[in-house]
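Please look at the sequence and the structure shown below before reading on.

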Amino acid sequence: MNVIADHRATAAAIELDGRHVAHNYAPLPVVAASATGAWITDVEGNRYLDFLAAYSAVNFGHRHPLIIAAAHAQLDRLTLVSRAFHSDRLGPFCAALAQLCDKDMVLPMNSGAEAVESAIKVARKWGTDVKGVPPGRAEIVVAHNNFHGRTTTIVSFSDDPAARDGFGPFTPGFRAVPFGDADAVADAIGENTVAVLVEPIQGEAGIIVPPDDFLPRVRQLCTQNNVLLIADEIQSGLARTGQTFACAHWDVVPDVYLLGKALGGGVLPLSAVVADSDVLGVLHPGEHGSTFGGNPLAAAVGSTVVSMLRTGEYQSRSTELGARLHARLPEIPGVTAVRGKGLWAGVDIDPALGTGKQVSRRLAERGVLVKDTHGHTLRLAPPLVVTADEIDWALDRFADALASTS
């Protein structure tokens, strides 16, 4: 295929998306056609180093052979029966994931937002049935600048005008406090508080790492006040930060883990609410459900992901390569701040050099894919299979993109 034909194919694909795909995203002008490991190839044959990993959904790289083999094998056997019946894959997956989290029970769902919604329901039901909060009075403490999804209930406690404006009326029952402020959490907890829902490291906000005493104090407050600590590890979990769960950086164990994204191995949607039976046991048949949640195909992939995490390989890669990433980023002219842990970084750039979106486009032209957030911040999250040489290659191009105005 010649260059002109390829260019026309790219333009045609983008134009077709513009006409028939709802405009809820503003993607970069890259049309992916195939991918392997940390690299994506577009319809023109150009290769890009993926430094976004589908917002951490592709932690193990594109089409990891172990994950693809598990999916292929299950496709030849059984894909979906709904929860109306048992399947031979669901129990083993939930047992393995529960063990990884050192919990008893798993509620399998599909998307990350669905896991958050499920946890909100569970926390409220636990508050009514176990804590004794009057029905309809349960409150959940959340953090400002959070990102837990975009369903109606979740945007009810979002600070993002783009997610909220025009979508009311909103769901009550949430009290927002500044992220990282344990004193504010203490002040917000009342007799009807059933949970504190927090990202250990805020992702969409720009990879915001809290003060070291924040999560330990929140854990202590939750224990003292008989309140559930719910950790949204959908982006931060599953080796992204160098630990299996980001909470472990502060030796904190939540009552409830929310998992998603990388749990599906970059192959399909899979999420989970993981807790002990005294929490998830409040659910009874008919009170919550999902046709696709815990389907045999997802369970087979999820079991493979859990087995890969048990080796510790990806946690070690994230720690070691993350140290390289975080050492080099502050040295790049035009970078004004760097935050994060492991292979996860929020990078603020000098506004004089362009917006985050403009720099993202310049990087794409140089073969590196990232995504901007909050104006002048870029989020870097390469697949954990990235190499040291590939990190250096990407950062060289990042420096070049900041040095250029075109």
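How many salt bridges are counted between domain 1 and domain 2? The count between the two domains is 1 salt bridge, a term that stands for a side-chain nitrogen of Lys or Arg within 4 Å of a carboxyl oxygen of Asp or Glu. This is a predicted model, in which local features need pLDDT of at least 70 and side-chain atom pairs count only at pLDDT 80 or more, while totals for chains, interfaces and linings use all residues. Residues are numbered from 1 along each chain as its sequence is written, and side-chain values use heavy atoms, with hydrogens and water left out.

- The domain assignment of the protein chain gives domain 1 (65-311) and domain 2 (312-405), with bounds that come from an automatic or database domain assignment.
- The centres of domain 1 and domain 2, taken over C-alpha atoms, are separated by 28 Å.
- At the interface, 23 residues of domain 1 are in contact with 22 residues of domain 2, where contact means heavy atoms within 4.5 Å.
- The area buried between domain 1 and domain 2 is about 1800 Å², and carbon and sulfur atoms give 58% of that area; buried area is the accessible area (1.4 Å probe) that two parts lose on being put together, summed over both.
- Glu-204, Ile-207 and Arg-240 supply 37% of the area that domain 1 buries against domain 2, which is more than any other three residues.

**Polar links across the interface**

- The side chains of Arg-379 and Glu-204 meet in a salt bridge, at 2.7 Å from N to O.
- Across the interface of domain 1 and domain 2 there are 17 residue pairs in polar contact, both residues being at pLDDT 80 or more; a polar contact is a pair of N or O atoms within 3.5 Å, where within protein one must be able to donate a hydrogen and the other to accept it, and residues adjacent in sequence count only if both atoms are side-chain atoms.
- The residues on the side of domain 1 that touches domain 2 divide into 10 nonpolar, 10 polar and 3 charged, with Ala, Val, Leu, Ile, Met, Phe, Trp, Tyr, Cys and Pro counted as nonpolar, Asp, Glu, Lys and Arg as charged, and the others, Gly among them, as polar.

**Lys-125 and its two partners**

- The side chains of Asp-129 and Lys-125 meet in a salt bridge (2.5 Å, N to O), and because these residues are 4 residues apart in helix α5 (residues 112-131), about one helical turn separates them.
- Helices (H or I, at least four residues) and strands (E, at least two) are DSSP runs, numbered from the N terminus.
- The side chain of Lys-125 also meets that of Glu-287 in a salt bridge (3.6 Å, N to O); Lys-125 lies in helix α5 and Glu-287 in the loop between α10 (277-280) and α11 (296-310), so the pair ties together parts that are 162 residues apart in sequence.
- Lys-125 counts as partly exposed at 23% relative accessibility, and Glu-287 counts as partly exposed at 32%, given that buried means under 20% relative accessible area, exposed over 50% and partly exposed in between (1.4 Å probe, protein chains only).

**The surroundings of Asn-146**

- Asn-146 has its place in the loop between β5 (139-143) and α6 (152-155), and at 7% relative accessibility Asn-146 counts as buried.
- The side chain of Asn-146 reaches the backbone oxygen of Ala-143 at 2.6 Å.
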